[in-house]
Every structure is written in C-alpha cells, then in structure tokens.
Number of protein chains: 2
Amino acid sequence: MRIKLLIIILLSVKILVITLFMTHFKPFRKDTQVVLNAIHGRTSIRAYQEQAVPDHMVEQLLRAAMAAPSSRNVQPWEFYVVTKRDVLDSLARDLPFAKMLAGAPLAIVVAGNTEKGSPNEEQVYNWVMDCSAASQNLLLAAHAMGLGAVWTGVWPYRDRVEAVRRHLDIPDHILPLNVIPVGYPEGEQEPKDKWDEGKVRYMR
Amino acid sequence: MRIKLLIIILLSVKILVITLFMTHFKPFRKDTQVVLNAIHGRTSIRAYQEQAVPDHMVEQLLRAAMAAPSSRNVQPWEFYVVTKRDVLDSLARDLPFAKMLAGAPLAIVVAGNTEKGSPNEEQVYNWVMDCSAASQNLLLAAHAMGLGAVWTGVWPYRDRVEAVRRHLDIPDHILPLNVIPVGYPEGEQEPKDKWDEGKVRYMR
C-alpha cells in the first residue's frame, strides 16, 4: 500500500511538472505564435457594438501606436481621439469610405506634424511612413484586445483632408493620414489569406 | 488507507485541472499582453550574429508583411530577399544609413508596384502607406521570432532608390521603400519609451 501511494504521488507530481513545463517554461515558441496569430488574425472590422471602448484601452492603442519606429526618430505623429457623437456623425457624412463611423463608439485619427524634424525635400513623406507604421501598431493592438478597427484613408484626398481638418479643428501644418473607427466587433469576420509567393524575388 | 488514497488522487487531479485552467483556458488576457509586449519590445537592431536566418523564418516574415491591410485591397507590395554576400556588401557601401548590411546575413527590401490597382492622382502614395504597414508587420514578426531588424529608408531619396534598383535589378514601375537588414541580434538593446500624452487631443 505504501508503495502504491508513493507511485501515485510521484506520478501526480510528474504530471504537474510536465504540464507546467509545457505551458510555462517554453515562452519563446508559444509567444512567437501568439504574435504571428495576431498579425494574421487582424482584419478590417466595419461593424461595432454600441458599447463604449474603455479609456484604459484607448490609452493602450495610443501607446502601441507611439511604439512604432520613425525616420530619424522624429516621431511626427499626432492623435485625435473622437467619442463625441455629433463629430463622429459629421465625419461619417463627409467621408465617402468611412460611413461606418455613424455606428462606431470611437474613432482615432492618426495625423502627421509636417514641420516636426524640419524635413528637407527628400524627407517630406517621412511622416506618411511613420504614421502608417504607427497605424498598423494601433490596428494590431486593437485586434489583440478583442476590438475591431479599420484604416480609412484621408490624406492626400483633398476633400477628405479638408473635412477632417474642419470637424477636428486641425491646424495647417498637421495632416490627417487616416480615420480609424474602433469598437467591439459586431459579428465574425474572417481574415483574408493574402500570401502570394509570386511577390518575392530571391538573391541568394 | 483507501480514503487517504482517494484524497490524494482527488487533490492531484484538482491541482492538474487548476494548472491547466490557469495556463490554457484564459488565452485572451495573456495573449493580449504578449502582443502588446511584442509591440513595445520591438526596437531597431543594427548588429547581428553571423548565423543565417533559416528559410522557414524568412517565409514567416514575408507572410506577416503580406497580412497587412492595403488601400482598396490592392496589395501593391513586392519583396526582394537578399542573402548574397556581395549584394549585401554593395548595398552597405552605397546606402548611407545601411552600413550594418555589411554584417547582416539577410536583408529584405520592401518595394511598391506603383502601377498595381491603376492609382489615380490622389492614390499615387497609397503604395507608401501599404508598404509601410507591411514593413511594420515584418519588423514585429522578426522581433517575435527572436530576430533583430531595422527599417532603413530608401524612397524617395533619389540616390538610394537608384543604388537599390541597380544592385537588385528592380524595374522602373517598382519603387523600393526601404531595406530591412535582419539577423539574430548581437548584444542587448532596450526599446525606447516614446509615450507622449501631449500628442493626443480628445473630442468627447
């Protein structure tokens, strides 16, 4: 009986150790897959529940955006966080591809300060790249937090830039790159598989 | 003795169930943090070990890049994967801010097909945004896989575009946005904290 007891205890401990090891002590492989899954699982979400997005989640979205790299570390981004209903509705009315703003509890406008870092003539589009990288970070963070979002283009469409500038009172030296509606997703949306080997050239 | 045995078995099973539950059945909160950590942990890595980056990891980098969103779903990106030593060295010589290519086992050039989707005059920079989002995905995937990488700018610097075009034999309608050296990091690099509340405006 003693021996049986000992075997059972040892077996239990062994199972416990194996379980802990499998789930905890190989963080690299699991975490890698979690990040890759987020990158591949993210997709454009255009329908949202009414529920507001809590402030601490909005801050996480902005923190993620600002963690992007930027040319010469200029960090030219500026963010407009809109939850005011009539502003969201006005934007929905005036932006041709952002009608879903009428049903979104939140929108974040990613904009670029075109004077920051005093760009020379070959650096005038740096803010576009930097703000695009920041936007992608924001979209991934939203997806990782269970939120849905979609990048709707603003710059360089003249009418869209003017509409956003007017409704958000944005000064001339700041250009809105996009408007990103955010909310808890309504319904399920499958991400597209866009892998295309034909777009890769190798120089080995 | 029977009862003791039963108690021990039940206790073991309970511990096992709790452990499994804690580690497996609450993926949301843990996975969210893993993704946010990757976004914040990524930083520009400019020194690499000699070790080659395995092909399956290169493919994961490209898959992540192609999972980015694109305007009108045009997916204008093209990728040049360079492991050929003399090409890497030539690029290092001719690109002013990509000298680290001389010590990198791999570089990926993210380029845009400027004819894809027949852009009108307000859509001519869409490839810049789309390729920037793809580049950010690639950088995050590299970080998540334990690799180091850095975005070195090419477009629209005329001399850099010409150098890359020449060494990689890129046709005229494709513009190289950047060159991203990739490798296993040499040494430790702390990410910058770029959070700046002053860059956020609220419209509530």
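The crossing of helices H4(A) and H6(A) is right-handed. The structure described here is a predicted model.

## Helices H4 and H6 of chain A

Helix H4 of chain A covers residues 85–94, and helix H6 of chain A covers residues 158–168. Their axes come within 10 Å and cross at roughly 165 degrees. This angle makes H4(A) roughly antiparallel to H6(A), because angles over 145 degrees count as roughly antiparallel. On the H4(A) side, the contact is formed by Val87(A), Ser90(A), Leu91(A), Arg93(A) and Asp94(A). These residues meet Ala163(A), Val164(A), Arg166(A), His167(A) and Leu168(A) of H6(A). Sorted by class, the contact of H4(A) with H6(A) has five nonpolar, two polar and three charged residues.

## Helix pairs of chain B

In chain B, the axes of H4 (residues 85–94) and H6(B) come within 10 Å, with a crossing angle of roughly 165 degrees. H4(B) is therefore roughly antiparallel to H6(B), and the crossing of these two helices is right-handed. Val87(B), Ser90(B), Leu91(B), Arg93(B) and Asp94(B) of H4(B) touch Ala163(B), Val164(B), Arg166(B), His167(B) and Leu168(B) of H6(B). The contact of H4(B) with H6(B) contains five nonpolar, two polar and three charged residues.

Another pair in chain B consists of helix H3 (residues 55–66) and helix H5 (residues 126–144). The axes of H3(B) and H5(B) come within 7 Å and cross at roughly 140 degrees. That angle makes H3(B) oblique to H5(B), and H3(B) passes H5(B) in a right-handed crossing. H3(B) contributes Leu61(B), Ala64(B) and Ala65(B) to the contact, while H5(B) contributes Ala134(B), Asn137(B), Leu138(B), Ala141(B) and Ala142(B). By class, the residues of this contact of H3(B) with H5(B) divide into seven nonpolar, one polar and no charged.

The table sets out the axis values.

| Helix pair | Axes come within | Crossing angle |
|---|---|---|
| H4(A) and H6(A) | 10 Å | roughly 165 degrees |
| H4(B) and H6(B) | 10 Å | roughly 165 degrees |
| H3(B) and H5(B) | 7 Å | roughly 140 degrees |

Most residues other than glycine have a negative phi, and most peptide bonds are trans. The peptide bond from Trp155(A) to Pro156(A) is cis, with omega near 0 degrees. Pro156(A) is placed in the loop between strand E4 (152–153) and H6 of chain A. In chain B, a cis peptide bond joins Trp155(B) and Pro156(B), with omega about 0 degrees. Pro156(B) lies in the loop between strand E4 (152–153) and helix H6 (158–168) of chain B.

Asp169(A) is not a glycine, yet it has a positive phi of about 55 degrees. Asp169(A) is found in the loop between H6 and strand E5 (174–183) of chain A.

## The interface and the salt bridges

Chain B and chain A each bring 79 residues to the contact between them. About 7600 Å² is buried between chain B and chain A, and carbon and sulfur atoms give 67% of this area. Trp195(B), Lys199(B) and Met203(B) supply 11% of the area that chain B buries against chain A, more than any other three residues.

Within chain A, Arg63(A) forms a salt bridge with Glu59(A), and their closest N and O atoms are 2.8 Å apart. Arg63(A) and Glu59(A) are separated by about one helical turn because they are four residues apart in helix H3 (residues 55–66) of chain A.

Methods. Residues are numbered from 1 along each chain as its sequence is written. Chains are lettered from A and ligands numbered from 1 in the order in which they are written. This is a predicted model: local features need pLDDT of at least 70, side-chain atom pairs count only at pLDDT 80 or more; totals for chains, interfaces and linings use all residues. Side-chain values use heavy atoms; hydrogens and water are left out. Axes are lines fitted to C-alpha atoms, for helices over the stretch in contact, and angles run from 0 to 180 degrees between N-to-C directions. Angles under 35 degrees count as roughly parallel, over 145 as roughly antiparallel, 65 to 115 as roughly perpendicular and the rest as oblique. A crossing is left-handed if the near helix is turned anticlockwise from the far one by less than a right angle, and right-handed if clockwise. Contact means heavy atoms within 4.5 Å. Ala, Val, Leu, Ile, Met, Phe, Trp, Tyr, Cys and Pro count as nonpolar, Asp, Glu, Lys and Arg as charged, and the others, Gly among them, as polar. Buried area is the accessible area (1.4 Å probe) that two parts lose on being put together, summed over both. A salt bridge is a side-chain nitrogen of Lys or Arg within 4 Å of a carboxyl oxygen of Asp or Glu.
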